[in-house]
Amino acid sequence: MEPTPYSSFSPSTFVKATPGQRFVALLIDVIVVAIPVALLVAISPGLRVLAQLLAIVYMATRDTLPYFNGQSFGKKAMNIKVVSGVTGTGIMGDYGAGVIRYISQIIPLFNIVDALMVFSSDGKRFGDKWAKTTVVKA
């Protein structure tokens, strides 16, 4: 059922992803990024900045890319996805939401508190709250 602008989405129609699923998905994504970065730098140390920029772009947009139906490699492996808390649809193509979700992960010290927030009653990180998203089982 495609939501209409006047429909009210109920997040209770989805099963939220567990903190463990979210952690493993992030770990997989970090490994997926770290290997190519390490290889590029090993090939040529002059490619370090380019490799780091590519890693940042992937991490900021990983849940919005059309590959794997809007799921990052880690989320695909863990069978979870990010959905809009407003419409209930995936955030594929919504690069703004992807970048907003990522911002809280790159602010020093803030990212530790942000990561622990998946254990809160609503299971949402600051990035999820700011982007109005929820991570659910796919």
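In this predicted model, the crossing of helices H1 and H2 is right-handed. Two packed helices are described by the angle between their axes and the distance between the axes. For H1 (residues 19-43) and H2 (residues 48-61), the axes come within 9 Å and cross at roughly 160°, which makes H1 roughly antiparallel to H2, since angles over 145 degrees count as such. The contact between the two helices draws on Leu 26, Asp 29, Val 30, Val 33, Val 37, Leu 40 and Val 41 from H1, which meet Arg 48, Ala 51, Ala 55, Tyr 58 and Met 59 from H2.

The phi angle of Phe 68 is near 60°, a positive value in a residue other than glycine, and Phe 68 is partly exposed, with a relative accessible area of 40%. A second residue of this kind is Asn 79, in the loop between H3 and strand E1 (80-84); phi of Asn 79 is likewise near 60°, again positive in a residue that is not glycine, and the relative accessible area of 46% makes Asn 79 partly exposed.

Within H4, the buried residues are Ala 97, Gly 98, Arg 101, Tyr 102, Ser 104 and Gln 105. Because these residues cover an arc of only 150° around the axis, they lie on the same side of H4.

Definitions and conventions. Residues numbered from 1 in each chain as written. Predicted model: local features only at pLDDT ≥ 70, side-chain atom pairs only at ≥ 80, totals over all residues. Heavy atoms only, no water. Buried < 20%, exposed > 50% of the residue type's maximum accessible area, 1.4 Å probe, protein only. Helix = DSSP H or I, 4+ residues; strand = E, 2+ residues; numbered from the N terminus. Arc of directions from axis to C-beta. Axes fitted to C-alpha atoms, helices over the stretch in contact; angles between N-to-C directions. Parallel < 35°, antiparallel > 145°, perpendicular 65-115°, else oblique. Left-handed = near helix turned anticlockwise from the far one by under 90°. Contact = heavy atoms within 4.5 Å.
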